[in-house]
Amino acid sequence: MRKKLSAIFLISLIVLFSFNTSFSTVKVSADDECDKQCQLNNIRNTIAELEKEMEKAKADMATFMAKASEYALKADEIEAEINELKPKIEELARQIAELEASIAEKEALVEELNNRVLSRMESAQSSMHFSPMLDFLMGSNGFSDMVRRIYGIEAINAKEEKDRNELLETIRLLNIEKEELAAKKDELDIALVELEYKEKEVEKMRAYYYEAATNAEQQVNDYLNQIEEQQSLKSQIEFKLDDLYELDPLTGFSSPVPGSSISAGFPRYPQSFGGGVHLGVDYAARVGTTLYAPADGVIIVSDDNCPTYGYLGNSCGGAGGGVGYGGNQIYFLCSVNGKVYALTFSHLYSGSLAGLGVVLQGTPIAKVGSSGNSSGPHCHIEMYYLGKGNNEDLQSYINAINNGRYSKSFNCGWGSAALPNNCDNKGSAPCRLNGANYLPG
């Protein structure tokens, strides 16, 4: 019987695996009987989705910040207009003050002149005959005195005429200045309204800038916080590599794709396919068929970066640690019957891949797809023999992988150059195996 797995921390050594690994996960629905592996898959799936959303948020941040910069620039432009408008307003206020002072002076002068004229008119109206004037003239002492008196009267009349003319001119100028004052006040009112509008626009632009910048940053931080929460939850139930040590050794593999059929074998395609080199076994199944872990082991690469459907010649693959043309891929390390094996699963369904870590035999780890260089739905499985060892020895193989002592072909090569590294030919590890001899269909 297998010993019960402990729920502890994550596999830090595997996370550091040098093949640029990705962290997408299998989509497994949770229920009341969901075991630890199922819970981990759900959490990893949530983390993967959050990370995708966060990447989108980061991409959107550039747009947010560009818009924020537009708002800031617009605010700066409006402030420049305000800085030009304020001196104009100050000059108008100064001109208005001068006009008001001048008008006040003229109004005082008008009042003074008006009082003079009115006073003389009142004196003239007190007598409607000329006897006083005649008496004044006839009372003169001779002709010369009369002439002098006549000139005196003319001087008085001239002074009155001058006062009247000055009064009329002052009134005319006063009315002009009042009209100018009204126009200046209207101009000032318009300028003040414009200033108020521009100041509100600046305030609004600054608010838009702050909101755009804050929203962009907050959105990313929200995703980071959610991911951190999920990582914390994940760490509480993550399997350690030691968990494998507690399991009873396996003596055989289970089927990774139950009910499938082999459409192309190892090490060459059938003649109907052209007979070229084929370094794995193709298990044909419908798109979406579940792929299961064929043994207790460790996922060391989860490369989920391609669309589910590819085509012949499609080079997609490798961005997350796999190889080009392989589409979405999983690299899997396990020990069965005292030997260590590496298996790669290619052309998988986008978004269905389990994340890095320990998985138990029979655990769903992906779904069949047709990604990358593929003409139809199938799972291409390559199998490698790495050497002797049980679960306890997997750590040394992981260290070797991390230290670069294995290539992505586990030092077994590609194409025709890989044929001599067939275990039947080479006889020593590392070498390639015919997966059909080990993995039930």
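Q: What does the side chain of N314 reach at 2.8 Å?
A: In this predicted model, that side chain comes to 2.8 Å from the backbone nitrogen of C316.

Q: Where does N314 lie?
A: N314 belongs to the loop between β4 (297-303) and β5.

Q: Is N314 buried or exposed?
A: N314 is buried, because its relative accessible area is 13%, and the cut-off for buried is under 20%.

Q: Which residues is N314 in contact with, leaving aside neighbours within four places in sequence?
A: Those contacts are Y325, G372 and N373.

Q: Where is Y325 found, then?
A: Y325 is also placed in the loop between β4 and β5. Its phi is positive, about 75°, although Y325 is not a glycine. Most residues other than glycine have a negative phi. Y325 counts as partly exposed, with 43% relative accessibility.

Q: Which other residue has a positive phi although it is not a glycine?
A: F410 is one, with a phi of about 55°. F410 sits in the loop between α6 and α7. At 1% relative accessibility, F410 counts as buried.

Q: Let us step back. How many helices and strands does the protein chain have?
A: The protein chain has seven helices and 10 strands. It comprises 441 residues, of which 42% count as buried.

Q: What share of the contacts with a separation of 6 or more comes from residues 24 or more positions apart?
A: Such residues account for 74% of those contacts in the protein chain.

Q: What about the largest nonpolar core: how many residues does it have?
A: The largest nonpolar core has 34 residues. Those with the most contacts inside this core are F253, I330, F332, Y341, L343, F345 and I365. Elements that give two or more residues to the core are β2 (281-284), β5 (328-336), β6 (339-348), β8 (364-367), β9 (378-388) and β10 (431-433). In soluble globular proteins, nonpolar side chains tend to be buried together.

Q: What does F345 touch, not counting residues up to four places away in sequence?
A: The residues that F345 touches include P256, L291, P294, I330, F332, I365 and I381.

Q: Which residues does the second, separate core include?
A: That core has 21 residues, among them L244, V301, A342 and F410.

Q: On to aromatics. How many aromatic pairs does a search of the whole structure find?
A: The search finds eight aromatic pairs. In the pair F253 and Y341, the ring centres are 5.3 Å apart and the planes are at 75°, so this pair is edge-to-face. F253 is in the loop between α5 (242-245) and β1, while Y341 is in strand β6, 88 residues apart. Both F253 and Y341 are buried.

Q: Which residues form one aromatic cluster with F253 and Y341?
A: Y385 and Y438 form one aromatic cluster with them.

Q: How many salt bridges does the structure hold?
A: The structure holds two salt bridges. In one of them, E382 pairs with R432, and the closest N and O atoms are 2.9 Å apart. This pair links distant parts of the chain, with E382 in strand β9 and R432 in strand β10, 50 residues apart. E382 and R432 are both buried.

Q: Where do E98 and R94 both lie?
A: E98 and R94 both lie in helix α2 (residues 36-125), four residues apart, about one turn of the helix. Their side chains meet in a salt bridge at 2.4 Å, N to O. E98 counts as partly exposed at 46% relative accessibility, and R94 is partly exposed with a relative accessible area of 38%.

Q: Last topic: which peptide bond near 5° in omega is cis?
A: The peptide bond from F266 to P267 is cis, with omega near 5°. P267 is placed in the loop between β1 and β2. A cis peptide bond also joins A429 and P430, with omega about -5°. P430 is found in the loop between α7 (423-426) and β10.

Q: What does V277 touch, not counting residues up to four places away in sequence?
A: V277 touches P267, R268, Y269, G415, S416 and L419. The C-alpha atoms of V277 and G415 are separated by 6.2 Å, although these residues are 138 residues apart along the chain.

How values were computed
Residues are numbered from 1 along each chain as its sequence is written. This is a predicted model: local features need pLDDT of at least 70, side-chain atom pairs count only at pLDDT 80 or more; totals for chains, interfaces and linings use all residues. Side-chain values use heavy atoms; hydrogens and water are left out. Buried means under 20% relative accessible area, exposed over 50%, partly exposed in between (1.4 Å probe, protein chains only). Contact means heavy atoms within 4.5 Å. A nonpolar core is a set of buried Ala, Val, Leu, Ile, Met, Phe, Trp, Tyr and Cys residues joined through side-chain atoms within 4.5 Å. A salt bridge is a side-chain nitrogen of Lys or Arg within 4 Å of a carboxyl oxygen of Asp or Glu. A polar contact is a pair of N or O atoms within 3.5 Å; within protein, one must be able to donate a hydrogen and the other to accept it, and residues adjacent in sequence count only if both atoms are side-chain atoms. Rings of Phe, Tyr and Trp (its six-membered ring) pair if their centres lie within 6.5 Å; planes under 30 degrees apart count as stacked, over 60 as edge-to-face and the rest as tilted.
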